[in-house]
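Hi,

Here is the structure I promised to pass on.

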Amino acid sequence: MTVEIETLPNGVRVAVEPMPGLHSASVGVFITAGGRHERPEQNGVAHFLEHMAFKGTPTRNARQIAEEIEDVGGYINAYTGKEMTAYYARVLAADVGRGLDILGDIVLNPLFAGPDIEVERGVILQEIGQSLDTPDDIIFDWLQEAAYPEQPFGRTILGPAERVESFGRSELSGFVTEHYGPDRIIVSAAGAVDPEQVVAAATRLFGGLSPRPRLPVAPARFHGQERRESRDLEQVHLAMGVEAPGARDPDAFVSQVYTTAMGGGMSSRLFQELRERRGLCYTIFAQAGAYDDTGFLTLYAGTGEDQIRELVELTADELRRSADGLTPAEVNRARAQIRAASLMGLESPSARSERAARMLAIWGRVPPIEETLAKIDAVTPEGVRAFAERLVGRADPALALLGPVGDAPDREALGRRLVA
């Protein structure tokens, strides 16, 4: 199966991947703007805007938007990330046109009515409050802020409550004007779809948009810092992060293989050593994210107050040992996990639609899955060990801790142990 790509005269890109044998399709409108495109006073507005898209247009109110898609058994939703905002729907083949029409309407024609803004403001403030009350949510926001302090890339997607309380129609429409230009719109569809129908719908909906200048984006600069807060909890929640390769870096796949070998599953080093062998935690994992100009490798664990020092020190020891001790079997297993996850994920039209949009945003094309698999297979044990050596050699982690943190080592002690 191949992805058909067309660029409209105004810069809107359309990606369509038919999947024979399916009865459903995933259609999406992806905007290559998110949290990192906000100025300080705008922090949280991209997410607020995503919420407001569903509150009504000149032709549909919020209830009609929901009913029109659910009347045919469909599903509609959205999310805001650091570099992309996505509006998407899952529908049956006969309703692809309806799904695209609704998505185009809510993206291009939100009303931003005053009463709706106030209602949704309350919803988002509740979302922020829920996040603050969820330690294994808020710890990752804190880690991002510690790693990229005073930068758009380091700010939370939700934004602080005081900012959200100040947003009005002008802030919402201003972000649309600044960032929802046609060259930042990707229409992507996969599953039971007809390429000609999707391109025609995209042309009708988005072809009349006029080009707009792009605003500069502040580069991401990693500066390892620490944030810790003592709170009366049962566990200490620990998140550690180090800079990793960005999406275009040749080492991006090496980073994924390394992270999987260290903390990507039940067979990973950290899981086996810290949970299975020593019983120091219930949850421990690592993950790597790759962005436009940076990457972020994060590790999370939760443990008891009396175990936090041992857990941090043993984690540093395992990371240090990985520089010369990762075996070919560990690397092969990690490659197999990533390979299988890539192929299994692409059995979903939603995953294929999102993949096409992300690849277009990064590369300006959609690499065949065989090309991606070849890059995974090309990662060698020697390359992974060299990557690990560079990683721990910098000894500059970011650290976030929440809970009874009194006995937890600080980031300087962690850095020293990484290179001991």
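**Sheet, helices and cores**

β1 and β2 (residues 13-18) run antiparallel and are joined by four bridges; strands here are DSSP E runs of at least two residues, numbered from the N terminus, and two of them pair if DSSP finds at least two bridges between them. Within that pair, Glu6 sits opposite Val14 of β2.

Before you go further: this is a predicted model, where local features need pLDDT of at least 70 and side-chain atom pairs count only at pLDDT 80 or more, while totals for chains, interfaces and linings use all residues. Numbering starts from 1 along each chain as its sequence is written, and side-chain values use heavy atoms, with hydrogens and water left out.

The open sheet has six strands in the order β1-β2-β6-β3-β5-β4, with mixed pairing. β1 (4-7) and β4 (75-80) are at the edges with a single partner strand each, so one side of each has no neighbour in the sheet.

Helix α8 (residues 195-206; helices are DSSP H or I runs of at least four residues) packs on the sheet and touches β1, β2, β3 (24-31) and β6 (185-191). Contact means heavy atoms within 4.5 Å.

As for the inside, the largest nonpolar core has 51 residues, and Tyr87, Ile106, Val187 and Val198 have the most contacts inside it. Such a core is a set of buried (under 20% relative accessible area, 1.4 Å probe, protein chains only) Ala, Val, Leu, Ile, Met, Phe, Trp, Tyr and Cys residues joined through side-chain atoms within 4.5 Å. Another core, of 47 residues, lies apart from it and includes Val242 and Ile284.

Cheers

Notes: Axes fitted to C-alpha atoms, helices over the stretch in contact; angles between N-to-C directions. Buried < 20%, exposed > 50% of the residue type's maximum accessible area, 1.4 Å probe, protein only.
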